[in-house]
Amino acid sequence: MAKNLVIVESPAKAKTIEKILGKDFEVKSCFGHIRDLEKDDMGIDIANNFKPKYTIPDDKEKIVKELKKLAKDTDEVWLATDEDREGEAISWHLCEVLGLDPDVTKRIVFHEITKPAIERAVQQPRLLDMNLVNAQQARRILDRIVGFELSPVLWRKMSMRNSLSAGRVQSVAVRLIVEREREINTFNAVSSFKVEAFFTAKDLQGKNITFKAEGPTRFKTAEDAEKFLQQCIGAAYSVKDIQVKPGKKSPAAPFTTSTLQQEASRKLGYSVSKTMLLAQKLYESGKITYMRTDSVNLSDTALGDIQNAITTNYGQRYHQHRKFKNKNESAQEAHEAIRPTYMENATVDDSDTKKLYELIWKRTIASQMSDAELEKTIAKIDISTNHEELTASGEVLKFDGFLKIYMEGKDDEDVSDEEESDGSLPALTVKQALDLKEMKATERYSRPAPRYTEASLVKKLEELGIGRPSTYAPTITTVQKRGYVEKRDKEGIKRDFRILSLKADKITKVTESENTGAEKSKLFPTDLGMIVTDFLNQYFSSVMDYGFTAKIEGEFDEVAHGKKIWNKMLNDFYTPFHKDVENTLEKAERVKGERQLGTDQETGKPIVARMGRYGPMIQIGKAEDEEKPKFAKMKSTQSIETITLEEAMELFRLPRNLGQFEDQDVLVNIGRFGPYAAHNKQFYSLKKEMDPYTVELDEIAPLIVEKRTAKDERTIKIFEKEKIQILKGPYGPYIKQGLRNYKIPKEKIDAAADITLEEAKAIIEDVKANPPKKKAPPRKKKAE
DNA sequence: CAGTGAGCGAGCTTCCGCTTGACTT
């Protein structure tokens with residue numbers, strides 16, 4: 001038994017630290033929080049000054065028991081949880097549960113797992129900081145109150161019966177997506193004409209190079225653009241002025257959780273949860289430092305290794321020492337930035353994590369490399385006929401610096417169409433005459449802000465100080481699981497644009513078309529998400545405010561610094577909040593999410609789009625009418641807010657009866673699993689290219705025949721009464737009864753057709769009695 | 001696998017943040 005027991009949060013960390021500290025120290029992990037508020041009655045005694053009621057969750061019993069025993073048998077316990085609010089609270093809970101005296105128990109902290117940092121920490125133990133603990137308790141209790149008081153309001157006031165939820169983080173995340181969608185829906189694209197002139201000139205080698213110059217302004221109308229081109233007929237062009245300016249680019253900071261998720265999404269197309277899964281794997285195998293962090297700091301040891309790697313691989317000139325600072329005030333910086341543990345490993349063998357590791361390696365190295373040096377050239381070109389100016393700009397890389405290995409990606413949001421990468425210009429001299437090849441005025445449309453990707457939503461949340469590195473991925477999953485948000489693609493629509501061209505002193509006009517509004521893997525709000533957001537905005541505007549978290553974080557900080565009493569702070573929040581809850585329960589109407597679309601031309605009955613028990617639908621007529629109302633389910637891409645009357649009426653064309661095939665009606669409809677045809681009590685999924693609104697009988701008939709013969713071919717034998725089938729599967733013959741499959745023993749497999757009913761029954765009984773051994777889960781091959 | 005959509009209301013759901021395995025298809 002070691003003399004000292006050190007408790008940290010993560011087991012991977014425990015292993016490393018144990019090696020550093022040597023044999024007098026046993027290092028154990030508590031796997032995060034070991035206690036939480038009870039679920040019953042919110043786990044808070046509100047009347048008693050918000051006294052929390054803590055309990056040890058089932059899955060933590062085992063580790064708590066083990067820690068208790070170890071703590072009893074050891075001379076001294078050291079609490080080495082993370083140096084932030086949550087970590088301090090975990091240490092306090094450990095004191096409470098393990099029976100340690102908080103006034104004497106040693107608390108140590110470090111924000112990097114390196115030998116010097118840990119040895120230093122052990123030299124300077126401190127005591128628990130109860131103010132910090134209280135700030136965490138306030139945070140925990142406030143989140144519980146918001147979540148557990150708001151969610152039941154939704155259960156009462158929403159007519160849809162899902163397991164709805166609301167919370168400080170998730171509800172604001174949904175709000176961002178809802179508001180972005182509405183911005184896009186109401187956006188009016190405005191077009192303007194952008195002028196580009198193409199010239200050729202000889203470069204230093206005497207080779208002809210074509211380069212581009214931009215017009216003086218964007219023209220609002222085609223007429224204005226044409227007028228400009230007309231003025232240029234017969235013009236001479238000459239270089240009026242050349243400016244050469246040096247420029248530089250600097251590398252981005254090393255990865256935090258949020259920036260790693262963004263880059264992995266932009267460059268590798270990973271979802272945030274995939275990124276975190278792979279990063280966890282790398283962390284557990286000791287390849288990278290901790291992956292849930294908001295710090296951009298690198299340890300001195302790491303900085304030395306990085307410098308080494310850069311100078312050996314690229315030379316001294318490529319190294320530049322840099323210290324990055326967090327922009328974000330809410331950062332708690334308990335860890336280092338995400339970096340490889342061993343900089344000498346530029347890659348890993350494992351194929352799953354290879355790409356992510358290389359990304360981390362490059363980003364880390366680049367962060368300590370020199371600036372890239374550029375030379376930006378701007379040439380002004382005079383037009384003789386109207387003395388307007390064209391501007392050609394070029395960029396030449398003089399020294400690549402960090403760009404040698406890494407360039408940060410960009411979101412759509414940050415890229416305007418003005419900002420195309422400039423190529424290089426040929427060597428020009430002032431007064432040089434230029435030959436115009438062509439001048440074009442192209443119609444371009446303004447674009448709305450793009451929909452969020454998972455990663456760009458994380459970026460936004462982080463900017464607002466909402467959520468923590470450990471919750472970004474789970475939050476994104478939650479809002480999708482609750483049905484507030486969907487990740488999907490959207491097809492673009494065709495849009496015409498005009499091009500006016502001046503070539504050989506003649507103006508021509510053409511119209512071309514482009515695809516616009518196409519989206520891939522973007523977050524869309526559902527009708528449910530919109531309705532719930534509107535409701536919460538209306539009755540709980542303070543919690544839904546984008547600044548709410550930042551505001552209460554400020555108060556938590558005051559608690560942490562001993563300037564505010566935690567239960568008083570909670571009371572200040574709770575009194576008005578709870579009044580809103582009661583008020584809403586009493587006054588708010590049940591929300592149906594209805595939107596009137598118009599009236600039915602035939603019957604004069606009202607047509608509404610609304611939420612039904614099974615999702616958004618269209619209803620013609622009212623429930624209280626004599627004749628039952630007619631219903632149609634909306635398509636998954638439609639929304640209550642935007643569907644038109646025409647689109648709604650179109651939905652009532654289903655189910656369609658296509659006529660008879662083999663004396664039975666063929667009906668086409670859209671079901672839970674997509675479009676299908678029903679015939680003789682059998683269902684046939686329509687092929688992707690078949691449109692249920694237009695598909696014809698002669699397209700469906702082969703589908704029916706095909707499925708029937710495929711089934712015949714698969715069937716070896718049927719015992720009708722007992723519902724036992726012997727079938728041919730991809731791995732050979734097998735027995736099926738009901739929904740379960742049974743493996744045929746090896747010795748009978750070659751004569752599967754000869755199996756009798758008795759034999760089949762025996763096999764089934766046998767398999768039931770001795771269930772097959774479980775195999776390791778198959779590797780997921782498919783990327784998302 | 002695929003059809004539904006009143007109102008009544010039993011018994012259910014729910015938060016955020018800290019950490020990893022154990023489940024079978």
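Two strands pair if DSSP finds at least two bridges between them. Helices (H or I, at least four residues) and strands (E, at least two) are DSSP runs, numbered from the N terminus. This is a predicted model, in which local features need pLDDT of at least 70 and side-chain atom pairs count only at pLDDT 80 or more, while totals for chains, interfaces and linings use all residues. Residues are numbered from 1 along each chain as its sequence is written, chains are lettered from A and ligands numbered from 1 in the order in which they are written, and side-chain values use heavy atoms, with hydrogens and water left out.

Start with the sheets. Strands of a sheet pair through backbone hydrogen bonds, either parallel or antiparallel. One open sheet has four strands in the order β19-β20-β21-β22, with antiparallel pairing. Its edges are β19 (595-599) and β22 (630-633); each has a single partner strand, so one side of each is left without a neighbour in the sheet. From one strand to the next the twist averages 25°. Four bridges join β19 to β20 (residues 606-612) in the antiparallel sense. Within that pairing, R595 has A609 in β20 as its bridge partner.

Two bridges link β7 (residues 76-79) and β8 in the parallel sense. L79 finds its bridge partner in β8 at R107.

Now the helices. Two packed helices are described by the angle between their axes and the distance between the axes. Axes are lines fitted to C-alpha atoms, for helices over the stretch in contact, and angles run from 0 to 180 degrees between N-to-C directions. Angles under 35 degrees count as roughly parallel, over 145 as roughly antiparallel, 65 to 115 as roughly perpendicular and the rest as oblique.

Take α2 (residues 58-72) and α3 (residues 85-98). Their axes come within 10 Å and cross at roughly 70°. That makes α2 roughly perpendicular to α3. V64, L67, K68 and A71 of α2 make the contact with L94, V97 and L98 of α3 (contact means heavy atoms within 4.5 Å). By class, this contact has six nonpolar, no polar and one charged residues. Ala, Val, Leu, Ile, Met, Phe, Trp, Tyr, Cys and Pro count as nonpolar, Asp, Glu, Lys and Arg as charged, and the others, Gly among them, as polar.

Helices α10 (residues 300-314) and α11 (residues 354-366) pack at about 90°, with axes 9 Å apart. They are therefore roughly perpendicular to each other. On the α10 side, I306, A309, I310, N313 and Y314 meet W361, T364 and I365 of α11. The contact of α10 with α11 has six nonpolar, two polar and no charged residues.

Finally, turn to DNA strand B. Of the 54 residues around DNA strand B, S10, H33, R161, Y290 and Y614 come nearest (a residue is near if one of its heavy atoms lies within 4 Å). Sugar and phosphate make up 51% of the atoms of DNA strand B that come within 4 Å of the protein. The largest share of the surface near DNA strand B, nine residues, comes from α5. By class, this surface has 18 nonpolar, 17 polar and 19 charged residues.
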